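Hello,

The structure we talked about is below. My notes on it follow.

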Amino acid sequence: MIDEELVQLLSPEGERVAHPEYESSLGSNEVLGLYRDMVIIRRICNESTSLQRQGQLALWAPVQGQEAAQIGAGRALAPMDFSFPSYREHGVAWCRGVPPEDMLRVFRAVTTGGWDPQKYRHSVPTVVLGNQTLHAVGYAMGVQRDGAEEAVLTFFGDGASSQGDVLESFVWAASFNAPVVFFCQNNQWGISTPSSVQSKIPLYHRAPGFGFPGVRVDGNDVLAVYEVTKRALESARVGGGPTLVEAYTYRIGAHTTSDDPTRYRIDAEVEVWKHRDPIERVKALLAREFKVKTTTFDEIAQEAERLALKLREDVLAMGRPDPITMFDNVYADAHPLIDEERREMIELGVSGGPS
Amino acid sequence: MATTTMTMAKALNEGLRRAMEKNPKVLLMGEDIGRLGGVFRITDGLQKDFGEDRVIDAPLAESAIVGTAVGLAIRGYRTVCEIQFDGFVYPAFDQIVSQVAKLRKRSDGVYTMGLVIRLPFQGGIGAIEHHSESPEVYFAQTAGLRVVSCSTPNDAYWMIQQSIEHDDPVVFCEPKSRYWEKGEVDLDNPPQGLFDAVVRREGHDVTVLGYGSTVKTLLRAAQTAANEGVSLEVIDVRSVSPLDFETMARSVEKTGRFVAVQESPQTASIGSEIVAELTQRCFYSLRAPGVRVSGYSVPYPPSRIEDAYRPNVDRILDAVDRVMGFES
């Protein structure tokens, strides 16, 4: 289909695929769990797009098509691991336990963060491309110094793979043998720029040049993504150093709700990838091999529906923050200019409760 | 009370050593800082004593030095990053401005960006291009950062420790031309708070203000002025962001005249900020408008002619004459 070195354990039709190095370790309940995650995150994503179209969000970055990449990677994390996302990793945030309404706070433009990154061991969204990969390596260097058996997972895309920070993070991770896994979702498009402009070789081929292994996995195959990421994290935890995982996938939707992909790519390409849908192939496997009943699928769909409705209610309830909060947490303690400006805002009567 | 004489370079070295002894989470990271001890030898001997895990010889990439220090901060470490020269900080500018400065805010106060970015700055060492710049204004403009500069060995010893202990990220500007000048260091008692300006010489005619290597030039100017019968009060600004306007205003309300001196170009500079704020605060005490003496608005020149670029005693006294000439 794409690359003979692509790790795939489940075909687009939902058939098991044998691989010389990897096999799925998951039983029926676990696979059903991954299916549920993917259905829910797609439903949340669709609800979010609707909310943006209705003027309730400033922006949304859709995840459709990349559910397997994000859920497979997110579920491969151990509780004590730490993950550093960019801005599209809603599926990973879900796996880390971040409440959906917290994922949307940034897009509702009521905050620049949204959740407690230490509580969920999942850092806050990073919009400047690639910055977070260095944070991940630094955090991993801290894990090393603590002598802890933990790993760090960081996310970026084919577009960000051209950023200096990403390449510097490769150098650092290799030099210090840091316990970090670089997870690149190659969704083929950096807004309008095709991945062929970012790299003349498969992205995972870059890793050996930096001195660590690279693996390309079918990013639409949640079983393969889970196993490949899990093994890379395990290796990192026990001193095996970094791995680059390239999840080969596709962004079915727009880059963000501000984007119009019909201006730069053809429908036929999108149609090809819709036939490689990450959710349908797992559903086929579950029905055929694990004899999961239609009623179970219906229940999951209903659960996703309930979550979407709750999300809508939660988002609509998010009022305008009190302007005075802009002065909070800029500094750790007193700062004469900030304190003076805060007083000025209070005196002007601009401050007030949520509206 | 233990007081000893040492160079600013040694005082920084001793301050870093003491911070590392006090807190095992303090790390140093930078280019050539381990085995070599840094190009200015500020970290001399520290890797030998604290090991390669705490004094980290970094690959040569400034964005990564700062970016990984961010990750280490999230993990609870306090990293002192050495940027080898002022003009090499720009590859790290994105990390400093977009991440270091904003992550406390973005995480609603969960992340503490306890890291220090050491920046040898200003000119006066006869260097080639990119080794003599004054980029402090870029960082002073950025909310979330604090920017300080030492001018004496005693301040160097204490301010580096105070910066490491502080929970906000600190851009620590070191006047490299003063690294080898000696001064008294009190090893027991810090002189004052990290963000306090200080009067270095009392006077009553004109307040002159500056920071880093400029402070010594101001003191020389004050000596020359005194010989000519003009009394200058010298203020070491010390903290570039936030600025300690209370101390400055107290002085200017007394003298009624002031000159702000800096090596950076004038446009949107620290001196401009000082003139604007002191004009507002001390308007009814002023006997002349505040005047700035700055580096010229050109790229830092080849060092054979840097003496004509950097504010010197003549240019400072010329500005003093101008504010004195406003007397009605």
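The centres of domain 1 and domain 2 of chain A, taken over C-alpha atoms, are 35 Å apart. Domain 1 of chain A covers 28-319 and domain 2 covers 321-355, with bounds that come from an automatic or database domain assignment.

This is a predicted model: local features need pLDDT of at least 70, side-chain atom pairs count only at pLDDT 80 or more, and totals for chains, interfaces and linings use all residues. Residues are numbered from 1 along each chain as its sequence is written, while chains are lettered from A and ligands numbered from 1 in the order in which they are written.

Interface: 33 residues of chain A are in contact with 33 residues of chain B (contact: C-beta atoms, placed from the backbone, within 7 Å). On the chain A side, α5 (117-120), α6 (131-146), α7 (164-176) and α14 (336-348) each supply at least two residues. The largest share, eleven residues, comes from α6(A).

Chain B has eleven helices and 14 strands (DSSP runs, numbered from the N terminus: helices are H or I with at least four residues, strands are E with at least two). The radius of gyration of chain B, 20 Å, is close to the 20 Å that the globule rule gives for 328 residues, so chain B is as compact as a globular protein of that length (radius over C-alpha atoms; rule: 2.2 Å times the number of residues to the power 0.38). Its C-alpha atoms fill a box of roughly 65 × 45 × 40 Å along the principal axes. Among contacts in chain B between residues at least 6 apart in sequence, 80% join residues at least 24 apart.

Regards

How values were computed
Contact = placed C-beta atoms within 7 Å.
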